[in-house]
Amino acid sequence: MPDFLIAGGAALASGMMLVVGATIAWFVRVPPSVTAGIMAFGAGVLLSTLAYELVQEANDGGGVTATITGCLAGALLYVIADSILARYGAQHRKRSAGLQKSEGEKQGSGTAIAIGALLDGIPESLVLGLSVVATGGVSGSLLIAFGLSNVPEGLSASAGMKQSGRSARYVFGVWGGIAIASGLAAVLGTVVLASASAATIAFVTTVAAGAILAMLSNTMIPEAFARDRAATGFIVTVGFLTAFALHEWGQ
């Protein structure tokens, strides 16, 4: 099977876990403390994945300059884009506690939230595509880690969307669209960067890594801490160690 199809399928599968989280939130009343715990776990998984699967391997393959430059660029780009979207009502897009703006409260917020969710998801897809370019196959631990983190993202954000009056068509349209866009982004990344140098792959990988780290800091960890301050640090650590174990077992 061609590399771009492998990458696209992996990213689509990971993105569909957002739909799984949304389905749980839409049909099951999940207690806020449970939502916070799941979000904290997902944040820990992503933190570990950044450290062991992305930044370290990018540094090994492309050098420290490309790695640091890429991380800073990705974080800066994310923060700028996130700040712009916040002005249009998307600052609470991952919050489950009814803080999201409805269309009546902030016209255009539905579009902003959808774009923000896409902004959060695309970097992971690029990473999956680049892992295929670098190794000729999908990293199982990377795919599992992204899938595990996408469930709480979809769950928490969808709970907030439902409370703000968004329709099922909107909620599932957003997450389904992001899953498809994720697959296409992975395909594009694989095709465009198929013959790129190690330094270029390291730079693009860490741009995505920097964006993911900024997303964690701006959205997932604040949501978890706001809902369950006592246990957040411990649960993040459990998520971190879970992804670390997956990384080690995949060696």
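Analyst: Angles over 145 degrees count as roughly antiparallel, under 35 as roughly parallel, 65 to 115 as roughly perpendicular, and the rest as oblique. The model here is predicted: local features need pLDDT of at least 70, side-chain atom pairs count only at pLDDT 80 or more, and totals for chains, interfaces and linings use all residues. Residues are numbered from 1 along each chain as its sequence is written, and side-chain values use heavy atoms, without hydrogens and water.

User: Why are α5 and α6 called roughly antiparallel?

Analyst: The axes of α5 and α6 (residues 168-192) cross at roughly 150 degrees and come within 10 Å. Axes are lines fitted to C-alpha atoms, for helices over the stretch in contact; angles run from 0 to 180 degrees between N-to-C directions. The cut-off is over 145 degrees, so the pair is roughly antiparallel. Helices are DSSP runs (H or I, at least four residues), numbered from the N terminus.

User: What makes the contact of α5 with α6?

Analyst: From α5 come Glu 153, Gly 154, Ala 157, Ser 158 and Met 161; from α6, Tyr 170, Val 171, Val 174 and Trp 175. Contact means heavy atoms within 4.5 Å. By class there are 6 nonpolar, 2 polar and 1 charged. Nonpolar covers Ala, Val, Leu, Ile, Met, Phe, Trp, Tyr, Cys and Pro; charged covers Asp, Glu, Lys and Arg; the others, Gly among them, are polar.

User: How do you know that α2 and α5 are roughly antiparallel?

Analyst: Their axes come within 8 Å and cross at roughly 150 degrees. That gives the roughly antiparallel label here too. Among the residues that meet are Gly 42 and Glu 53 in α2, and Ala 145 and Glu 153 in α5. The contact of α2 with α5 divides into 10 nonpolar, 6 polar and 2 charged.

User: What makes a space a cavity or a pocket?

Analyst: On a 1 Å grid over the protein atoms alone, a 1.4 Å probe fits in a cavity but cannot get out; a pocket is an open set with protein on both sides within 12 Å along at least five of seven lines. The search finds 2 cavities of 30 Å³ or more. The largest cavity has about 50 Å³, the volume being space filled by probe spheres set on points joined across faces, edges and corners. Its lining (an atom within 4 Å of a point) includes Ala 11, Glu 124 and Ser 182.

User: Which element gives the most to the lining of the largest pocket?

Analyst: α2 does, with 6 residues. The largest pocket holds about 400 Å³ of space. Glu 53, Glu 57, Ser 131, Ala 134 and Thr 135 are the closest to its centre, of 24 lining residues. The lining has 10 nonpolar, 12 polar and 2 charged residues.

Terms used
Helix = DSSP H or I, 4+ residues; strand = E, 2+ residues; numbered from the N terminus.
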